[in-house]
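Biologist: Before I use any of these labels, I would like to hear what each one rests on. Please take me through them one at a time.

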Amino acid sequence: MAELERLDVQRRTVPTDAPESDGTLAWDSTTAVIVEVTAVGVSGLGWTYADGAAAEVVEGKLASALDGCDLDCVGACWLAMRRAVRNDGDAGLAACAISAVDIALWDRFARARELPLALALGAFRTAIGVYGSGGFCTYDDARLTEQLGGWAADGMAAVKMKVGADPASDPRRVRVAREAIGPDTELYLDANGAWPRHEAVHRAHELHRAADGIGWLEEPVSSQDLHGLRAVRGATPAGVPVAAGEYLWTPEDAQHMLAAEAVDVLQADATRCLGLTGYRAIGALAAAHGLSLSAHCAPALHAHAACSVQRSARLEYFHDHVRLERRLFEGAPEPEGGVLAVDRTRLGHGLSLRG
């Protein structure tokens, strides 16, 4: 039995390289809560992007929940952690805390078996396409052109930009983006829930025309408004899918979104949705509904996660998290020709914490 020997938690905050905003929020730093678990002399590393208060949940209720658990039985540990926060709710900070621990448990599981994480999870593939993600509303035209155009030049088949903070300037901004990436690279737009339903439909058509076509429209309305997402989905320009799901906390949340027929592309984030265990459950639900799952942010981790679900869309190569992963960890993978491949020579997710 692999009993918990150590559980270490750190909080690290990394400033952005410039002020950033999307359609509903502005920020200038990102905090990572990093968890390391050790059992039978083997350690695993996990993390979540959340307020430092998530660390207190890990150090308190989750550490207690793992006491006496067999860490080789990751699913049983996951259930124990969910039960431990039942009266507090397993969404929000608790979900992020569980995610960090669950990722660490799977990393340890893979390392103990001398396997790359994707193979330990049950790989459907060993590489996945990525799309460059940034294009913040705070960027001027020159920065927008440099970033999005650079990703297109590197071979990424799609890029994503933020819209919604200043609707009057968005048509110009998407024209700048289209000129930077050329006609053959898909342009995804992310409103982060900035619009009410009626405006979302109008903006979808307006920006589709301005950009000479968009590849998908993400969160045109809040992800909590499932009926609104479905309504917008039914009124977007032909061939423009609606994507949402980055704020799913549990597989049950994903089932509600799928049952509402609210999206064409489902998204999930293993650092939020109860870890890799939750992510794989959401992937199975998506496949059962005939939809693909797109991984949100955290590309070094999601390279493995996306390879472990049956139907995967491109994963998000998010500017902030690429910077943060390089700064916090050794071994972060780099895409080649728009594809992120699992390094089969490295155990677990292949990352180690910098000092």
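Modeller: Two strands count as paired if DSSP finds at least two bridges between them. Keep in mind that this is a predicted model.

Biologist: How do you know that β1 and β2 are paired?

Modeller: The cut-off is at least two bridges, and 13 bridges join β1 to β2, residues 26–39, so the pair qualifies. The two strands run antiparallel. A hairpin of four residues joins β1 to β2.

Biologist: What makes β1 and β3 edge strands?

Modeller: Three strands form an open sheet, in the order β1-β2-β3, with antiparallel pairing. β1 (4–21) and β3 (42–49) each have a single partner strand, so one side of each is left without a neighbour in the sheet. From one strand to the next the twist averages 20°.

Biologist: Which helix packs on the sheet, and which strands does this helix touch?

Modeller: Helix α12, residues 319–328, packs there and touches β1, β2 and β3. Contact requires heavy atoms within 4.5 Å. The direction of α12 makes about 130° with that of β1.

Biologist: Why is Gly46 called buried?

Modeller: Buried means under 20% relative accessible area; Gly46 is at 0%, so the label applies. Gly46 is found in strand β3. Leaving aside residues up to four places away in sequence, Gly46 touches Val33, Ile34, Val35, Ala100, Ile103 and Ala104. The C-alpha atoms of Gly46 and Ala104 are separated by 3.9 Å, although these residues are 58 apart along the chain.

Biologist: What makes the pair of Trp106 and Phe109 edge-to-face?

Modeller: Planes over 60 degrees apart count as edge-to-face. For Trp106 and Phe109 the planes are 75° apart and the centres 5.3 Å apart, so the pair is edge-to-face. Trp106 and Phe109 are three residues apart in helix α3 (residues 92–112), and thus separated by about one helical turn. An α-helix has 3.6 residues a turn, so residues three or four places apart point the same way. Trp106 and Phe109 are both buried.

Biologist: How do you know that the charged end of Arg113 sits over the ring of Phe109?

Modeller: The distance limit for CZ of Arg is within 6 Å of the ring centre, and the direction must be within 35 degrees of the ring normal. The charged end of Arg113 is 3.8 Å from the centre of the Phe109 ring and is classed as sitting over it.

Biologist: How many aromatic pairs does the structure hold, and which residues form one aromatic cluster?

Modeller: The structure holds eight aromatic pairs. Trp27, Phe136, Tyr139 and Phe318 form one cluster.

Biologist: How do you know that the buried residues of α9 line one face of the helix?

Modeller: In α9, residues 251–259, the buried residues are Pro251, Ala254, Met257 and Leu258. Seen down the axis, they fall within an arc of 115°, so they line one face. His256 and Ala259, on the other side, are exposed. The buried residues of α9 pack against α2 (74–84), α8, β8 (242–244), β9 (265–268) and α10 (275–288). After α9 comes Glu261, with a positive phi near 50°.

Biologist: What is the phi of Asn192, and is this residue buried or exposed?

Modeller: Asn192 has a positive phi, near 50°, and is not a glycine. Asn192 lies in the loop between β6 (186–190) and α7 (197–210). Its relative accessibility is 8%, and the limit is under 20%, so Asn192 counts as buried.

Biologist: Why is Glu219 called buried?

Modeller: The relative accessible area of Glu219 is 3%, against a limit of under 20%, so the label applies. Glu219 is in the loop between β7 (216–218) and α8 (226–233). Its phi is positive, about 40°, although Glu219 is not a glycine.

Notes. Residues numbered from 1 in each chain as written. Predicted model: local features only at pLDDT ≥ 70, side-chain atom pairs only at ≥ 80, totals over all residues. Heavy atoms only, no water. Axes fitted to C-alpha atoms, helices over the stretch in contact; angles between N-to-C directions. Buried < 20%, exposed > 50% of the residue type's maximum accessible area, 1.4 Å probe, protein only. Arc of directions from axis to C-beta. Phe/Tyr/Trp six-rings, centres within 6.5 Å; stacked < 30°, edge-to-face > 60°.
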